[in-house]
Amino acid sequence: MNHLPQAWGRPRDDVYGPYDSSYLQSNQSHGPTQHTQSPVVTGTSVIALKFKDGVVIAADNLASYGSLARFTDVKRLRKFAGTSIVGFGGDVSDMQYLDRLLNSLDIEEAYSTAGHTLNAKNLHTFLSKVLYKRRTDFNPLWNQVLVAGLDDDSKPFLASADLLGTTFSAPSLATGFGAHLAQPLLRKVAGDEEAAAKLTKEQAIEAVKESMKVLFYRDARSLDKYSIAVITKDGIELKEDEKLENQSWAFADQIRGYGTQIN
Amino acid sequence: MAAMFSQNPLMNGPNYSFNQAPSTSSGGNKEHAFYPYTDNGGSTLAISGSDFTIIAGDTRSTSGYSINTRFQPKVFKIGGTTSAQDDATLVLSVVGFAADGEALKERLDTIVKMYRYQHGKPMSVKACAQRLSTILYGKRFFPYYVTAILGGLDEEGKGAIYSYDPVGSYEREQCRAAGAAASLIMPFLDNQVNFKNQYMPGSGVGHELQEREKIPLKINEVEDLVKDAFDSAVERHIEVGDGLQMFVITKSGIEVIYKALKKD
């Protein structure tokens, strides 16, 4: 007789053999909780530029699955509280999670505070704290976001936050590929805050559209359908079904050094 | 023997088979692809004088070869009573991973403010310095990836600088350079602030050599030293540039001086 009371009433090892623990859920299905180690469905660049009374922000409507152009009608500029726009680069499912989070925050704020809505600066602080907390938990939200809108003094506000919780602000910003291709073009029209404060809305839109064109020419994970938004004191103009205009590869044969030219 | 009747069976000796380790679990751990740190470049510098302290930092923020922005301060006033921090007496500089720097600054600022509310007096640099060390060491096994420098005036009104490593080792010093260009600036400071390798002309050779007499530097001389140090660092380090912020702490308060640096 087994004198250990814990074993009473259980199948005897000497009769049935030891318990086959392979029936326990193993790592494959119900293993340890998994955290994102790399993004899956991704959006490419977001670009934005401040002007004298607002901000212009744009991103194309493509969500890629690696090199596959998987979803071609994804809106990566999201409205918040009718005051701000968040442009998302990086993982699309994390973008959708953050968008739900922001919508619930908006509803909560609308019910709890009287006559006050969160502006773009408040929103950026919130987002960067969420992102920093998640990186600290080793469970990052794989995005780089641009937040565009107005600050406490109703001045144009534009800032970035990424999956590590790194934040910064500048008169023009671009994520991903745009940081290399579009940012130099945008800095040419608005190198500092003073220059941005002199730009008109039309000039800013023109510069952003031109940058989107350059991105479509040279970023392989981009699309010629894009969203563009202009945020001013008067509200948000968001267009989500724009098409790139006046494209031309006429300049291509002028480029030397890559192709089969002789000289 | 009481353990025998416990709900938690003993793990040693004979036991029922449930406690056998799962035999099918695959060996080897999956490596984490996510690295929670980055380097945002930039450099800071602090020099203390007989009745003042200057803490300076450039305003460039980088990721790799890209410039994130030309204006992101890494020097902050700590513990004022308003959000503008006009009446603050302490200054903190953080260089390294900017997100950790921001989090550290926010934590220290909150603590120094709470200290003022609870004790009815501003925190001394000495107390704040010890507290900052404790905060950093509290994250010894997941550190704030920053090099911090804390500055102010001590109880006697003399300039005080405390420098830190990411896990909280700290020391009071005359001067300290930190960040990307620390190795370029620090030797310059040794020579120009502490007069290292400077000797009295004609005082002899070998052990006869007389060191140059150490005299406290004047505030405008230190300001010039800081500007020269950064102009030189900008020339030779790609992560340093765009702008220079100098926080000059005297008994009459903190003055912030901005100077443009080369943007290339």
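Trainee: Where in chain A is the place of A:Tyr23?

Mentor: The model is predicted, and what follows should be read as a description of that model. A:Tyr23 sits in a loop of chain A, with helix H1 (13–16) on one side and helix H2 (27–30) on the other. The residue is exposed, because its relative accessible area is 68%, and the cut-off for that word is over 50%. A:Tyr23 also belongs to a nonpolar patch on the surface, together with A:Tyr19 and A:Leu24. The accessible area of these residues together is about 350 Å².

Another loop of chain A, between strand E8 (143–150) and strand E9 (156–162), contains A:Ser154. Its phi is near 60°, a positive value in a residue other than glycine. Most residues other than glycine have a negative phi. A:Ser154 is partly exposed, with a relative accessible area of 36%.

B:Phe195 lies in the loop that runs between helix H3 (182–192) and helix H4 (219–236) of chain B.

Five of the strands of chain B make an open antiparallel sheet, in the order E5-E6-E7-E8-E9. Strand E5 (75–78) and strand E9 (170–173) of chain B each have a single partner strand, so one side of each is left without a neighbour in the sheet. From one strand to the next, the twist averages 25°.

Within this sheet, strand E7 (residues 146–153) and strand E8 (residues 159–164) of chain B run antiparallel and are joined by five bridges. In this pair, B:Leu150 stands opposite B:Tyr162 of E8(B). Helix H1 (residues 98–119) of chain B packs on the sheet, where it touches E5, strand E6 (90–96) and E7 of chain B. The direction of this helix makes about 15° with that of E5(B). Helix H2 (residues 125–138) of chain B packs on the sheet as well, touching E6, E7, E8 and E9 of chain B. Its direction makes about 5° with that of E8(B).

How values were computed
Residues are numbered from 1 along each chain as its sequence is written. Chains are lettered from A and ligands numbered from 1 in the order in which they are written. This is a predicted model: local features need pLDDT of at least 70, side-chain atom pairs count only at pLDDT 80 or more; totals for chains, interfaces and linings use all residues. Side-chain values use heavy atoms; hydrogens and water are left out. Patches are made of residues with over 30% relative accessible area and no salt bridge: like charges are joined within 9 Å, nonpolar side chains (Val, Leu, Ile, Met, Phe, Trp, Tyr) within 5 Å. Accessible areas come from the Shrake-Rupley method with a 1.4 Å probe; for residues, only the protein chains shown count as cover. A salt bridge is a side-chain nitrogen of Lys or Arg within 4 Å of a carboxyl oxygen of Asp or Glu. Helices (H or I, at least four residues) and strands (E, at least two) are DSSP runs, numbered from the N terminus. Buried means under 20% relative accessible area, exposed over 50%, partly exposed in between (1.4 Å probe, protein chains only). Two strands pair if DSSP finds at least two bridges between them. Axes are lines fitted to C-alpha atoms, for helices over the stretch in contact, and angles run from 0 to 180 degrees between N-to-C directions. Contact means heavy atoms within 4.5 Å.
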